[in-house]
Amino acid sequence: MVDLLLTCPPGLEDVVELEAMERVPYARISKRPLGVKGHLLLSISDPEQVSSVLSMRSIHHVMRYVTSFRIGRGRDALNTIYREVAALDLDGVLNAGTRFRVTSARLGRHEFTSMDVQRAAGQALVDRFSSKVDLEHYDVEVRVDVVGEQCIVGIALTRESLHRRGYRAFHHRAALKPSIAYAMLRLAEPREGNILVDPMCGSGTIPIEAALSMRMLNLELYGMDVNGVYIDGARADAERAGVGDRIRFMQYDCRMLDSMITPDRIVTNPPYGIRMEPGIGIRRLYTGFARAAYRAMVGGGRLVVITLKHGMMRDILSSVGFAVSRDVPVMHGDLWTHILVGEKR
Ligand SMILES: C[S@@+](CC[C@H](N)C(=O)[O-])C[C@H]1O[C@@H](n2cnc3c(N)ncnc32)[C@H](O)[C@@H]1O
């Protein structure tokens, strides 16, 4: 048995479980082991299955699970981390002279930073194994994650986060993480031949992920944005991803969506309203979009939307006629956003 720890945006554990069950059918899966958000423990019997895990689209990092232990939230926790890490059995992984680095993701309130965690664990490994810290040219990366009062240690099998897809060259300042785009698409559950549109597509993350991950469904894919610069960038990224011919991009205002197409699925990431251009009210935009979306789905369908202003969006969706069937809190960057699913029957 190999125990793998998978990380994902906190809140997306259900989607990761779904994807893992498809990719590694006989794996034993534990979501939020020890209550730790954004982590899953996957026990696989065949080490060859690691490559299937590494091709998953909903996860960020994969590590070989080493241990976990409880810590406090005060600075004393750093002594516990030093003690526990210094006692690890890592023979064969770390030796005298192995170049290593420690990375840490921290979630919750603590009287220490992730840098403090890295320093405490790094010192423990130097003292115990006489290994050398090398932040750039390392042979082994040790992950020491702290979530609330739990500390989880693993050996990283991924260097770059898997959400960094190679096709992204265009920079959109509010781009969505492709792992979250993938999760939204899974929640949309498109059917064979459906018309799926992202009417505020920015750099095209959602339609590009749909083209890459749902190839078998022969979806008719559209990406729209009011800003032509984004549409050009999205088109270029789609070309780079090898799906340029599978998505129709156009510059359009989402509030007139119903005059353009009749989608079965709408999956979108509207502006969160933090950096909105002055003069454009977020409520007005959300209302105009929701009305047009409802009218456009002439045969019924499903809308999946991610936003920070979930209370406002939920009220607006209900008021125009959608039945909100799911509300999934998801951490995007350092913000707790919500994915809402609206049904038009
Ligand atoms: C949060 S960004 C989307 C980012 C995108 N998901 C990505 O990964 O690049 C929101 C987008 O909504 C677009 N937008 C704002 N108002 C719009 C409108 N009325 N019609 C269409 N697009 C609009 C903005 O131009 C912006 O690109």
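Which residues have the most contacts inside the largest nonpolar core? In this predicted model, they are Leu-42, Ile-81, Ala-121, Val-144, Met-184, Ala-293 and Val-304, and the core as a whole has 93 residues. Helix H5, spanning residues 178-188, gives the most to this core, contributing 8 residues. Because domain 1 (2-156) and domain 2 (178-344) both supply residues, the core lies between them. As background, nonpolar side chains in soluble globular proteins tend to be buried together. Setting aside its neighbours within four places in sequence, Leu-42 is in contact with Leu-4, Leu-6, Ala-20, Val-24, Ala-27, Ile-29 and Val-53.

The domains themselves come next. The domain assignment divides the protein chain into domain 1 (2-156) and domain 2 (178-344). Taken over C-alpha atoms, the centres of domain 1 and domain 2 are separated by 33 Å. Their contact takes 11 residues from domain 1 and 11 residues from domain 2. On the side of domain 1 that touches domain 2, the residues comprise 7 nonpolar, 3 polar and 1 charged.

Strand S10 (residues 195-198) runs parallel to S13 and is joined to it by 2 bridges; here Val-197 stands opposite Ile-266. S13 also pairs in the parallel sense with strand S14 (residues 301-307), over 4 bridges.

The ligand is surrounded by 22 residues, of which the closest are Met-200, Gly-202, Ser-203, Thr-205 and Cys-254. Sorted by class, this shell around the ligand has 13 nonpolar, 6 polar and 3 charged residues.

Finally, a loop residue deserves a visit. Pro-10 lies in the loop between strand S1 (2-7) and helix H1 (13-23). Is Pro-10 buried or partly exposed? A residue needs 20 or more C-beta neighbours within 10 Å to be buried; Pro-10 has 18 inside 10 Å, so Pro-10 counts as partly exposed. Not counting residues up to four places away in sequence, Pro-10 touches Lys-37, Gly-38, Leu-107 and Met-331. Glu-209 is 199 residues from Pro-10 along the chain, and 20 Å separate the C-alpha atoms of the two.

Technical notes
Residues numbered from 1 in each chain as written. Predicted model: local features only at pLDDT ≥ 70, side-chain atom pairs only at ≥ 80, totals over all residues. Core = buried A, V, L, I, M, F, W, Y, C linked by C-beta atoms within 7 Å. Buried ≥ 20, exposed ≤ 12 C-beta atoms within 10 Å, placed from the backbone. Domains from an automatic or database assignment. Contact = placed C-beta atoms within 7 Å. Near = placed C-beta within 6 Å. Nonpolar A, V, L, I, M, F, W, Y, C, P; charged D, E, K, R; others polar. Pairing = 2+ DSSP bridges.
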